[in-house]
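Work through the exercises below with the model open. Try each task before reading its solution.

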Amino acid sequence: MNPRSGASQLFLASEGLYRRRRLANRVMTAVMGIAAAIAVIPLFLILFYLLQKGLRGLSLDLLTQDPNRPGRPGGGVRNSIVGSGIMVGLATAIGVPIAIGCGVFLAEFGQNRAGLVIRFLVDVMAGIPSITVGLFIYGLIVLPQKQFTAFAGAVALAIILLPVVARITEEMVLLVPRSVREAAYALGAPRWKTTLRIVLPTALPGIITGVLLAVSRIAGEAAPLLFTALGNQFNSTNVFHAMDALPLRIFVYAVGPYDYWHEQAWAMSLLLVTIILFISLAVRAIFGSRVTVRQ
Amino acid sequence: MPDTHVESGTAAASAIGVHIVRTEEEAAASAAPAQRVAIRAENVEAWYGPKLAVAGVNMEIRANSVTALIGPSGCGKSTLIRTFNRMHEFAPAARVGGAVFLDGENIYERGIDPARVRQRVGMVFQKPNPFPTMSIAENVAAGLRFLGVRSKSEINDRVERALKVSALWEEVKNDLKKPGMALSGGQQQRLCIARAIAVEPEVVLMDEPCSALDPIATLKIEDLMRELAVQYTIVVVTHNMQQAARVSDRTAFMLAGEDHVGRLVEYRSTEELFTRPQDKRTEDYITGRFG
């Protein structure tokens, strides 16, 4: 048998098989594509619904004025925006350094029993319901101080943020190729300098994305603030007093009796989603052009 | 320069690019001068956990020369050079036995700081590995920064010098702020060489530095190795025998036996090893009659 006839025979024999595989490939690709489309449909529905319901209530007053006396239409939610900003900022300031330290420890020194235990605990922590975190902080900070405070709210939010950022930091640090570390070691860099000056900057874009994810998550949390920051009708910037937050006010207004409250609750929801969207886009824009972690 | 003969001999060899062009006299001349020993390995063995990878290596590496390590895959040549700058111990459960003397000082002595050893024995890796977040200039300056050099002008001077020595300056002098990753593979490898020599090490270890590069980039690196040998001691691991013949003054042949433990089979001047190997296994390997 000469090689050419051998080849064509091989081709003929496998043509049916090839067709079947091609069909299977197309069907599976289509199934995955549909699944992917279904997965993102809720996002668009939510955005659409929010725009429809929330746009009407959106106004300059909503952003710049504090709430009116209940039952008197008008007014705004400046106090909630300010409170959310302060508490999320404070929670980030408390939680992120600890979480990054924890993540770096897990990645660099966590290949042992201690690492295993801490990793497990962090995972358990990520699974604790946020309302439980609120109750815990209520017992730990609010009761002894006999005062609802923004600080307690921020600590509760920080606890929710911590495991998310810690695990993402660990993943991102582990993604930094061995060759990059070796290059630093070979230059005579001690381990801590390698971690601090080479590994962390290389992992930074990924870590920032993780921080962002966590910040978006806590910015929308109402449950951990219920028994900690409580909420506040008036604008307050004192972290040792009760403070308002957008999710808290959304909750109060959404279940409240007044139509203008409902309208403002929708507008606040839209506002919250927009803020989160903008943070995401801004960070993408800043860090998107930077060299990302390579395998 | 004590070894002008060696220089001219191998420069010719690398220019023509054939195995061996040096004459007997030149061979004798290159062997003649009593050269300083940069690294002396004494009964070195390297372990990965319970597995012995390299055993019983005794060798002297002469200063200001190029020493090549050849041998089939898995013979322990990369592992061996990693014992010369204490990089081996980064592998999990890795251990080194015996002694390695750097300029007369045992680098495995208790109390010796491995980071300090690595400042004196630089390394270039198989795949170019510039720091991904740093520019070209920052990459070259990285080692200096680790050492705590702060003066901007000193850093700039030494970056320029290192880039000139590694024959990259002309290509990048206007792009020093561009990311190191933006360079081609061959340029990245010369950047890594510049980064290694910017801290003025005594020895530069190169672990198959050309295996990820095209032939032209490879020739550039080989020329560079010859030039670097004037000032530094170069140890190069290569699986390319022609490369060893082109660039090195002395060649060591390593082989792992049935027990998968790498051992030094033969170590002598490059021309002798390739023209008159003393060991049957060396001869089999260099003539391609292996296995």
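This is a predicted model: local features need pLDDT of at least 70, side-chain atom pairs count only at pLDDT 80 or more; totals for chains, interfaces and linings use all residues.

**Exercise 1. A covered strand**

Which residues of strand 6 of chain B lie on each side, and are they buried or exposed?

Solution. 
- Step 1: recall the rule. In a regular strand the side chains alternate between the two faces of the sheet.
- Step 2: sort the residues. B:Val121 and B:Met123 take one side, B:Gly122 and B:Val124 the other.
- Step 3: All four are buried, so both faces of strand 6 of chain B are covered, taking 20 or more other C-beta atoms within 10 Å as the cut-off.
- Step 4: find the pairing. Strand 6 of chain B runs parallel to strand 7 (residues 203–207) of chain B, over four bridges.

**Exercise 2. The side of chain B that touches chain A**

How many residues of each chain are in contact, and which elements of chain B supply at least two residues?

Solution. 
- Step 1: count. 22 residues of chain B contact 16 residues of chain A.
- Step 2: assign. Helix 4 (114–120), strand 6 (121–124) and helix 5 (136–147) of chain B each supply at least two residues.
- Step 3: Helix 4 of chain B gives the most, with four residues.
- Step 4: classify. This side of chain B has 12 nonpolar, six polar and four charged residues.

**Exercise 3. Helix length**

Why does the end-to-end distance of helix 9 of chain B agree with its number of residues?

Solution. 
- Step 1: helix 9 (residues 215–228) of chain B has 14 residues.
- Step 2: at 1.5 Å a residue, helix 9 of chain B should span 20 Å.
- Step 3: its end C-alpha atoms are 20 Å apart, so the two agree.
- Step 4: list its buried residues: B:Ile221, B:Glu222, B:Leu224, B:Met225, B:Arg226 and B:Leu228.

**Exercise 4. The largest nonpolar core**

Which residues of the largest nonpolar core touch the most other members?

Solution. 
- Step 1: the core holds 153 residues, and A:Leu161 and A:Val165 touch the most other members.
- Step 2: helix 6 (residues 150–175) of chain A contributes the largest share of this core, 18 residues.
- Step 3: trace A:Val165. Beyond its neighbours within four places in sequence, its contacts include A:Gly95, A:Ala99, A:Ile100, A:Val211 and A:Ala214.

**Exercise 5. Domains of chain A**

How many Å apart are the C-alpha centres of domain 1 and domain 2 of chain A?

Solution. 
- Step 1: the assignment gives domain 1 (3–57) and domain 2 (60–287) of chain A.
- Step 2: their C-alpha centres lie 37 Å apart.
- Step 3: the contact takes seven residues from domain 1 and eight residues from domain 2 of chain A.

Key. Residues are numbered from 1 along each chain as its sequence is written. Chains are lettered from A and ligands numbered from 1 in the order in which they are written. The expected span of a helix is 1.5 Å times one less than its number of residues. A residue is buried if 20 or more other C-beta atoms lie within 10 Å of its own, exposed if 12 or fewer, and partly exposed in between; C-beta atoms are placed from the backbone. Ala, Val, Leu, Ile, Met, Phe, Trp, Tyr, Cys and Pro count as nonpolar, Asp, Glu, Lys and Arg as charged, and the others, Gly among them, as polar. Two strands pair if DSSP finds at least two bridges between them. A nonpolar core is a set of buried Ala, Val, Leu, Ile, Met, Phe, Trp, Tyr and Cys residues joined through C-beta atoms within 7 Å. Domain bounds come from an automatic or database domain assignment.
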